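Hello,

My notes follow below it.

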Amino acid sequence: MRSTITSSTVRSAITRAIIFLLLLLSITSTVRAQSVTGAVKDADGRPLNPVIISLKGTNYTAETDEGGKFTLNAPAGKYQLVISRVGFKPQTRDILLTAGKDLSLPEITLTDNAQLNEVRVVGKSKIKMTREQAYNLNVLDTKKLYNTAADLNHALNQTSGVRVREDGGVGSNFTFSLNGFSGKQVKFFLDGIPMDNFGSSLTLNNFPVNMAERVEIYKGVTPISLGADALGGAVNIITRGNPNYLDVSYGYGSFNTHKASINHAFTDAKTGFTVRTNAFFNYSDNDYKVKVQPIDLSTGQKEPEQEVRRFHDGYKSIGAQVEAGLTGKKYADKLLIGLIASGNDKDIQTGVTMDQVFGARTSKSTSVIPTLKYKKTDLFIKGLELGVYSAYNMTRNTFTDTARVKYNWLQQTIPSSTAELARSQLKNRDNEGLVTANLGYKVNERHSVSLNYVMTDFSRKSSDVEDPDNTTFLYPQKLNKQILGLAWQQKEERFTTTAFTKLYVLNARSFEQVSNGTGVAEYRPSSTRTTNFGYGAAAAYFILPLLEAKASYEHTYRLPDAVELLGDGLYVRRNSALKPENSDNFNVGALYAIDLNEANKFNVEVNYIFRSSHDYIRLDQAQTQPIDRQYINIGDVQTNGVEGEIRYTWRNRLRAAVNVTYQSIIDKQRTISSTNFQGTITTPNYGYGYRIPNTPYLFGNADLGYLFKKVGGAKNTLDVSYSLNFTEKYYLTPHQLGFNNQDIIPTQVAHNVLVNYAISDGRYNVSAECRNLTNNELFDNYLLQKPGRSFFLKLRYFISK
């Protein structure tokens, strides 16, 4: 089946839509919105967050910020304002919004003597409502982590089913694993915008937790609103929605690590004009100690193991996101035009293993991304909702290897004829246009339908002053993906279900190496075109008011991305013959909330996962070179797993949680075929029936914390917490190929402690953190050693209006 939608057609449509929206904005910008503002506190006068503010019988809602303040925009009229929070008695107030005039409410006080059944009707937070969707998902409340040194990677690594595997310290390459799926099989979004090719400076290990309100982790089935070609799930970062606030932080820690962030929003309640800013800066020498066997450069032999410092692993990144536009208008609930700009400089210390060490190799990346966001509920008719998100990504990646020496871990050198590995100043100029549109219609109170379309159009141009006559630079490198999704949803009082179908279209142009009978490499253009259909369903049912059961299934596809098809010029070689991978994913689970009384609350969650994946894409394990590796389709992989989590809270002071994940990921491919310009070779797969190597199968986390109130002042608190990360040992290479296999990544246990002192209801914050308290040896991808014990001090200032 051939697609009739071309990238030029889509770009033309996007341009016309933008012009239309801007004209509409200029015509109607004089329309004023009405707003109601206020603040919510508890009986002791402390700000409450989150508190849900809603206008009864409408879709207009807001949520208090950390200062307990809220702003809600709505058309003129009479309303019932509902103020609710879990564990507190809800309040209802009659209000009148007059055209052109704002309403400021006196301070609202909520008491905690509510009946639980009252709370469940109107008191659910956004996070709780998200958790109760039919999908198998976790929701990370990042507000609880604002005073920590964590980036989003470290925060997500504490959740069940997630394991983030890093190559080293700050800014290092990482692999994000979700229920056994990893790398590009898991998709990432920033407020619903795909982040596939945002560049290495815009990744989870660069983003501070302070920029996010929450993070949604979908396991297996993903909602069509994200439009993902995800094989095993998706991660959606929701940035902060506070209308007016300022959050500034700076931290310093071990290995000369500096982290700073500024997050800000301003909203004019009268005009609806808003400006939102998120900025971050990261720097580290990453000069922690590692145990290695240095190579004697004169003999090429390994010396006895010794401890040395990493000496060429510095990292620096800076980024900013600025958005400006209008909210609360008749023609747009949200219309924002923005710009994301970022860059990083990175020293390259090793290849994919620690046996190969570099002392001068570097990489650099810059990204500039203009964005447009538009959303409108009740568009033209009641119940019709439209959301459009678009961006154009311009990323430049540079890899430099020009030092005519070779290093070992002792920083000794010997002359090299060209470079440390291969002389290069490779520049990749990547451009990507993307658009995602969601159209939803609420047929009635029980039924709704939605349509989603996502298009990404990627192109790359490469050059190298060290190799200007490379003929491969003359060939096109383009990748176009289009995904169309249609879904129906039914929502009853105790039952929710959704069914969906997706169309996946891939068009790629690159080049391939062919044999000409002379033994000299020759290249020719190549193209890939695929069309696939996916489908699925998800359901949730409240067996009891506090016991929810969930089940979901999908047949899904994941299209190869730019690095897998085209390579990255440094570690990964192109493979234009890659096929989309597909999987049948099944999830079943249950959530149970046990409220013993108003003080003691338990939450229990258990899930079973099954994955049957075909044409599985992964790095070729048969290639032993630590640098030049290739992604291949290896056939069939089957996953069975279980995960569970228990959370306990006492009076919002004492909290404890533990989660465990077990996943058995088995190779089900009987033979392996390897294709190059000389032909195709098929050999038996000796890994058949065994676990996939270099993949954790048993891991978990534990957390324990206590909040002391009125410490040194009525509005001051002291929070002390402890966390533990555990990973069972696993094999680096196929363990069945020989007895006494010593290629083992050992059992990992990391203990972490955090102390935070908050002054004046959280306006001023000081936190101290220690990671890997007992200085255990920690390893990850291909036995790469991670930092030992480290300390971090963070100062934070927060204010809201």
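**Charge on the surface**

Lys-316 is partly exposed, with a relative accessible area of 37%. Please keep in mind that the model is predicted. Lys-316 sits in strand β22, residues 315-327. It belongs to a surface patch of positive charge.

**Salt bridges**

The whole structure holds 29 salt bridges.

Asp-191 pairs with Lys-373, with the closest N and O atoms 3.1 Å apart. The two residues are 182 apart in the chain. Asp-191 is in the loop between β13 and β14, and Lys-373 is in strand β24. Asp-191 is buried at 15% relative accessible area. Lys-373 is buried too, at 3%.

Lys-302 and Asp-355 also form a salt bridge, at 3.5 Å from N to O. This pair links distant parts of the chain, 53 residues apart. Lys-302 lies in the loop between β20 and β21, and Asp-355 in the loop between β23 and β24. Lys-302 is partly exposed at 45%. Asp-355 is exposed at 54%.

Arg-655 bridges to Asp-719, with the closest N and O atoms 2.7 Å apart. Arg-655 is in strand β40 and Asp-719 in strand β44, so the pair ties together parts that are 64 residues apart in sequence. Arg-655 is partly exposed, at 32% relative accessibility. Asp-719 counts as buried, at 18%.

The network links Lys-187, Asp-196, Asp-229 and Lys-481 through salt bridges.

Which way do the side chains of β2 point? Ile-52 and Ser-54 go one way, Ile-53 and Leu-55 the other. All four are buried. In a regular strand, side chains alternate between the two faces of the sheet.

β2 pairs with two strands. With β3, residues 61-63, it runs antiparallel over 3 bridges. With β5, residues 77-84, it is also antiparallel, over 4 bridges. The hairpin of β2 and β3 has 5 residues between the strands. Gly-57 there takes a positive phi near 85°.

Best regards

Notes: Residues numbered from 1 in each chain as written. Predicted model: local features only at pLDDT ≥ 70, side-chain atom pairs only at ≥ 80, totals over all residues. Heavy atoms only, no water. Patch = residues over 30% accessible without salt bridge, like charges linked within 9 Å, V, L, I, M, F, W, Y side chains within 5 Å. Areas by Shrake-Rupley, 256 points an atom, 1.4 Å probe, with all protein chains shown as cover. Salt bridge = Lys/Arg side-chain N within 4 Å of Asp/Glu carboxyl O. Lys, Arg positive; Asp, Glu negative; His and termini not counted. Charge placed at Lys NZ, Arg CZ, Asp CG, Glu CD. Buried < 20%, exposed > 50% of the residue type's maximum accessible area, 1.4 Å probe, protein only. Pairing = 2+ DSSP bridges.
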